[in-house]
2 protein chains.
Amino acid sequence: MSSLLNRLTQALRQLPGIGPKSAQRMAYRLLLHKRHQAAELAQALSDALAGVGQCSRCRDLSEARLCSVCANEQRDARLLCIVESPLDVLAFEQTGSYKGLYFVLHGQLSPLDGLGPQELGLPLLAERLAEGVIEEVIIATNPTMEGEATAYYIQQLTDAAQVKTSRLAQGVPIGGSLELLDGATLAQALLHRH
Amino acid sequence: MSSLLNRLTQALRQLPGIGPKSAQRMAYRLLLHKRHQAAELAQALSDALAGVGQCSRCRDLSEARLCSVCANEQRDARLLCIVESPLDVLAFEQTGSYKGLYFVLHGQLSPLDGLGPQELGLPLLAERLAEGVIEEVIIATNPTMEGEATAYYIQQLTDAAQVKTSRLAQGVPIGGSLELLDGATLAQALLHRH
């Protein structure tokens, strides 16, 4: 195999979920039948790397200093939803039922991986709470062990700032099947029945 | 979502086997945690597009005018293996048991998709057979309907050039299970028992 082709295969392997065989097939297909798309991908990657940074307020990915949500004066600035990833922001936005602002952690507290409060932007969050505009924080970390630990840490910040804090409801997912649900979720659903 | 991010997501979707959700996740992951790899991928794509073309003799992907196989004087120039794709060349090379040259069709005869003899490089193949160096052609198209039709067409060229022609043996794959094998293959294996 030519060295340029080999280098392309190696680079494609770095994409999440792409194994050696798929990378090889992709490299050949891009060079043989999809040259136009390959050029567009190279350009899109370069442009995005150069132009996409983080919003200075919520840490979501953004081309401008302030992302479109933070810059939108129609949003309810008293409500702040804390999420782990920009994809969670997207998921909330797609529901169309949340009108507040966001704060993106880009991960969970995980000291072993070098992810401490600093890396998750928690000093920035504390500053923001101290401004006194935010009246309610919704902690929407993932319901995993690390997500819970992160939520607990954030709860201490919001308690210190005396800001009302809530968590997402836990229970039976719509369209889910009771018999396939784990016991812990079912117990929560039963406890918080309404 | 920012427009640069959206464009990157669309470009990633063009990769074979990547759906909308994976493309989104990839785009975020590349920009957040794998910026170095993303830059390398953009560069590798550009370089490969600029530097990789086709070998003028066998039509395999190659950086030079002649690929490393065609340029290698140790290879047996009397033997020519005709394959559908550069990945097939790679597969043969990995066996280490083929010492001849290759000819890559880049597809199968498929008039409805606009793939005729011209697109598969068959005039080039005919010229090559006319040179009189090649003494045996191995037709290694895939054992599908279109592959068989392509093989039949090539056989007519080799017959006209009076060059000995062979096909890959059909039979039981090593490590395969007889009870799972299709009837046609088993019948061939029985017919050509040795």
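## A walk through a two-chain model

Let's start in the middle of things: the largest nonpolar core has 48 residues, and L8(A), L12(A), L8(B) and L12(B) are the ones with the most contacts inside it. Keep in mind as you look around that this is a predicted model. A second, separate core has 31 residues, including Y98(A), V104(A), L122(A) and I139(A). As background, nonpolar side chains tend to be buried together in soluble globular proteins.

Now step back and look at how the two chains sit together. Turn chain A by 180 degrees, shift it 0.1 Å along the axis, and it can be laid on chain B with an RMSD of 0.1 Å. The two copies are therefore related as by a two-fold rotation axis. The same surface serves both copies, with 100% of the contact residues of chain A recurring in chain B. Which residue of chain A comes closest to the rotation axis? That's A42(A), whose C-alpha is 2.1 Å away.

The largest pocket holds about 520 Å³. It is lined by 19 residues, and T141(B), P143(B), L168(B), A169(B) and Q170(B) are the closest to its centre. By type, the lining divides into nine nonpolar, seven polar and three charged residues. Two helices of chain B, α4 (86–95) and α7 (183–191), each supply at least two residues of the lining. The one that gives the most is α4(B), with four residues.

From here, let's visit a few loops of chain A. Leaving out neighbours within four places in sequence, V133(A) is in contact with A77(A) and R78(A). For a sense of distance, V133(A) and K21(A) are 112 residues apart in sequence and 53 Å apart in space, C-alpha to C-alpha.

Another stop is the loop between α7 (145–160) and β6 (164–167) of chain A, where you'll find A161(A). A161(A) counts as partly exposed, at 31% relative accessibility. A161(A) and R128(A) are 33 residues apart in sequence, and their C-alpha atoms are 9.9 Å apart in space. Q162(A) is found in the loop between α7 and β6 too. Q162(A) isn't a glycine, yet it has a positive phi of about 55 degrees. Is Q162(A) buried or exposed? At 76% relative accessibility, Q162(A) counts as exposed.

H106(A) sits in the loop between β4 (100–104) and α6 of chain A. Its phi is near 60 degrees, a positive value in a residue other than glycine. H106(A) counts as buried, though, at 12% relative accessibility.

How values were computed:
Residues numbered from 1 in each chain as written. Chains lettered and ligands numbered in written order. Predicted model: local features only at pLDDT ≥ 70, side-chain atom pairs only at ≥ 80, totals over all residues. Heavy atoms only, no water. 1 Å grid on protein atoms, 1.4 Å probe; cavity = no way out; pocket = protein on both sides within 12 Å on 5 of 7 lines; lining within 4 Å. Points joined across faces, edges and corners; volume = space filled by probe spheres on them. Nonpolar A, V, L, I, M, F, W, Y, C, P; charged D, E, K, R; others polar. Least-squares fit on C-alpha atoms with pLDDT ≥ 70 in both. Contact = heavy atoms within 4.5 Å. Core = buried A, V, L, I, M, F, W, Y, C linked by side-chain atoms within 4.5 Å. Buried < 20%, exposed > 50% of the residue type's maximum accessible area, 1.4 Å probe, protein only.
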